[in-house]
Amino acid sequence: MAHLLGAEALHLEVPTKVVFDSVTLGVAEGDRIGIVGRNGDGKSSLLMMLAGRRDPDGGQVTVRSGTRIGVLDQEDRFDEGETVGHAIVGDMPEHEWAGDARTREVIAGLVADLDWEGSVEALSGGQRRRVALARLLVGEWEILALDEPTNHLDVEAIAWLADHLKRRWPANQGAMLAVTHDRWFLDEVANATWEVHDRIVEPFEGGYAAYILQRVERDRQAATIEQKRQNLARKELAWLRRGAPARTSKPKFRIDAANALIEDVPEIRNATELKSLAVSRLGKEVVNLVEAGVSYGDRTVIEDVDWLLAPGERTGILGVNGAGKSTLLGLIAGTIEPTSGRVKRGKTVKVATLTQRLDELEEHMSDPVRVVIGRLRTSFTVGSGSKAQDLTPGQMLERMGFSSAQLSTPVKDLSGGQKRRLQLLLILLDQPNVLILDEPTNDLDTDMLAAIEDLLDSWPGTLIVVSHDRYFLERVTDQQFAILPGPSGAGRLRHLPGGIDEYLKLRAAQASTGLTGAVASVVEPVGMPAAPALSGAELRAAEKELSAVERKMERMQADVAKARDGLATLDQSDYTLLNAEMVKITALEDEITSFEERWLELSELLG
């Protein structure tokens with residue numbers, strides 16, 4: 001493979017510490033490198049030095065002659081008053097950019113829903129990120145340097161980006177460097193991983209799953225003193241091997257070696273034990289939504305939502321911005337009242353929400369971390385039964401990645417990730433039994449995400465998660481639902497037995513063919529087959545059948561939820577009875593799957 005870029009003896013210092021000391025690296029054609037490490041260890045600084053955006057204090061970076069490096073910064077910068085179209089293609093005439101296949105693909109994949117002549121300043125953070133990515137990806141580069149490319153993107157845009165990068169540079173062509181905390185993206189795209197820690201950069205082969213295996217092997221062989229960090233990595237490896245169906249068909253690391261390393265690692269969660277504990281804390285009724293809907297004036301946001309939340313249930317919610325996710329969460333939390341249907345809550349329910357804002361910290365900004373935590377509770381119980389532990393606030397803070405010195409730091413001086421961790425800890429110390437997490441992974445590195453996942457494993461309440469972080473969603477939840485538009489256009493709740501992959505297929509089937517501005521004349525929506533024309537009678541019949549299928553699926557999903565809830569009330573030692581009930585549930589789920597396939601066929605016919 002041809003050499004593209006090299007770094008020799010890089011040294012970098014900031015006023016309070018040495019970031020890198022004598023780091024030597026190389027990048028060759030075909031390399032797709034994910035850069036991981038704890039916040040503050042220098043990942044972005046390394047990327048910017050390699051991309052020529054920052055000068056090292058010592059050593060040098062050399063680039064092969066003629067090599068062009070495209071850079072995506074963490075912050076998306078645009079000229080004042082710039083339009084979407086100009087930001088992406090500049091002053092290039094339409095016939096030129098419209099005649100380029102890659103440009104058309106990038107525009108269709110990232111910005112087809114945006115107004116080509118609209119101002120970038122009026123866009124949301126996620127929309128601005130998509131414009132910045134499109135601007136970069138239409139260019140010709142030998143190396144792409146991406147700093148948190150998935151920030152603010154939803155799961156659809158992240159899946160599109162991963163697919164584009166893999167197709168753009170097959171083996172031995174071009175190179176990519178990406179700093180990201182998105183572990184699913186890393187596992188999809190990267191063929192090598194660099195871990196930044198303790199002034200060095202340590203290379204590993206393969207994507208995130210392979211990196212975790214090699215790190216566990218390294219820690220074991222070195223008999224590392226970082227016992228807690230090692231144990232977290234082993235637990236995560238156990239999940240990657242045992243509990244991630246989407247990865248079982250991808251043998252990205254040596255199966256025998258992985259199994260040997262996790263043979264004494266228990267299951268990440270004892271579902272039966274947690275459900276039993278949740279029932280004792282919550283009672284059998286948590287929140288029950290019955291034909292619930294919410295309208296604002298003439299606009300119906302969500303409608304006909306039937307959902308029985310069970311004690312100990314762990315659910316992920318998917319949906320595009322504006323689909324009604326926040327409205328649904330408000331119904332569950334009691335901050336929004338339904339305008340149709342009803343919402344019933346159990347008498348012992350105590351809901352807490354981790355919002356994207358930091359409201360819980362506002363009144364504590366001048367207080368030291370230790371004081372803020374000490375006011376709430378003197379101890380916190382983690383786990384249950386013989387494995388239950390009573391931790392002091394200091395121990396909880398340490399578990400969440402705070403050092404002893406940081407306990408005396410005022411809240412206002414904490415980093416974004418530290419504030420996020422403290423916010424979650426304050427909520428958990430208040431001991432809710434229904435926890436709603438709204439985009440909880442913002443500002444957190446991969447190690448801290450693993451620590452939070454470990455903490456949630458032993459939390460026995462009902463958990464509802466809204467997140468664009470696909471890995472986190474799959475890791476902490478056991479089932480996923482989506483809010484998708486129904487026949488009237490309002491959002492409806494739909495169970496996803498096939499998880500996020502099923503959601504992406506449904507979104508592709510429902511995607512609108514209406515494009516705006518100059519885009520409409522030159523691109524087709526990605527992944528949308530043309531629907532055959534239907535006669536008036538055929539159209540009405542298909543719409544009627546689609547509506548009937550939806551109603552049947554909703555009823556059957558409610559039956560499955562009720563049946564699963566009933567498992568907790570059965571004698572757990574009566575394996576014959578439990579097995580018979582599981583056979584019934586499996587049969588129902590298989591029937592739902594067949595209805596979903598028919599629903600997809602009808603949706604494609606109706607366009």
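1. Start with Ile33, which sits across from Leu177 of β7. The two strands involved, β3 (residues 32-37) and β7 (residues 175-179), run parallel and are joined by 4 bridges. On terms: strands (E, at least two residues) and helices (H or I, at least four) are DSSP runs, numbered from the N terminus, and two strands count as paired if DSSP finds at least two bridges between them.

2. A word on what you're looking at. This is a predicted model, in which local features need pLDDT of at least 70 and side-chain atom pairs count only at pLDDT 80 or more, while totals for chains, interfaces and linings use all residues. Residues are numbered from 1 along each chain as its sequence is written, and side-chain values use heavy atoms, with hydrogens and water left out.

3. Now the sheet around that pair. It is an open one of 6 strands with mixed pairing, in the order β5-β6-β7-β3-β8-β9. At the edges stand β5 (69-72) and β9 (200-205), each with a single partner strand, so one side of each has no neighbour in the sheet. On average, neighbouring strands here are turned by 20° against each other, direction ignored; for angles, axes are lines fitted to C-alpha atoms (for helices over the stretch in contact), and the range is 0 to 180 degrees between N-to-C directions.

4. What about the other pairing of β3? With β8 it pairs in the parallel sense over 5 bridges, and Gly34 stands opposite Thr193 in β8.

5. Strand β8 (residues 192-197) deserves a look of its own: 6 of its 6 residues are buried, where buried means under 20% relative accessible area, exposed over 50% and partly exposed in between (1.4 Å probe, protein chains only). In a regular strand, side chains alternate between the two faces of the sheet. In β8, Ala192, Trp194 and Val196 point one way and Thr193, Glu195 and His197 the other, and all are buried.

6. Next along is β9, which pairs with β8 in the antiparallel sense over 6 bridges. Trp194 has Pro203 as its bridge partner in β9. The two strands form a hairpin with 2 residues between them, and Asp198 in the turn has a positive phi of about 50°.

7. Trp184 is in helix α7 (residues 183-189) and is buried, with a relative accessible area of 9%. Tyr471 belongs to helix α17 (residues 470-476) and is also buried, at 0% relative accessibility. How many residues apart along the chain are Tyr471 and Trp184? They are 287 residues apart, yet their C-alpha atoms are separated by 5.1 Å. Between Trp184 and Ala162, 22 residues apart along the chain, the C-alpha separation is 9.5 Å.

8. In α1 (residues 43-50), 7 of the 8 residues are buried, so the helix is largely enclosed by the rest of the structure; the buried ones are Lys43, Ser45, Leu46, Leu47, Met48, Met49 and Leu50. Gly52 follows α1 and has a positive phi, near 85°. As for α15, 13 of its 14 residues are buried, so this helix too is largely enclosed by the rest of the structure.

9. Just after α15, Gln431 takes a positive phi of about 55°.

10. A cavity is a set of points on a 1 Å grid over the protein atoms alone where a 1.4 Å probe fits but cannot get out, and lining residues have an atom within 4 Å of a point. Points are joined across faces, edges and corners, and a volume is the space filled by probe spheres set on them.

11. The largest cavity holds about 120 Å³ of space. Which element gives the largest share of its lining? That is α19, with 4 residues. Among the lining residues are Leu484, Arg492, Gln510, Glu550 and Trp599.

12. The second largest cavity has a volume of about 40 Å³. Its lining includes Val155, Ile317, Lys325, His468 and Tyr503.

Terms used: On a 1 Å grid over the protein atoms alone, a cavity is a set of points where a 1.4 Å probe fits but cannot get out, and a pocket is an open set with protein on both sides within 12 Å along at least five of seven lines; lining residues have an atom within 4 Å of a point.
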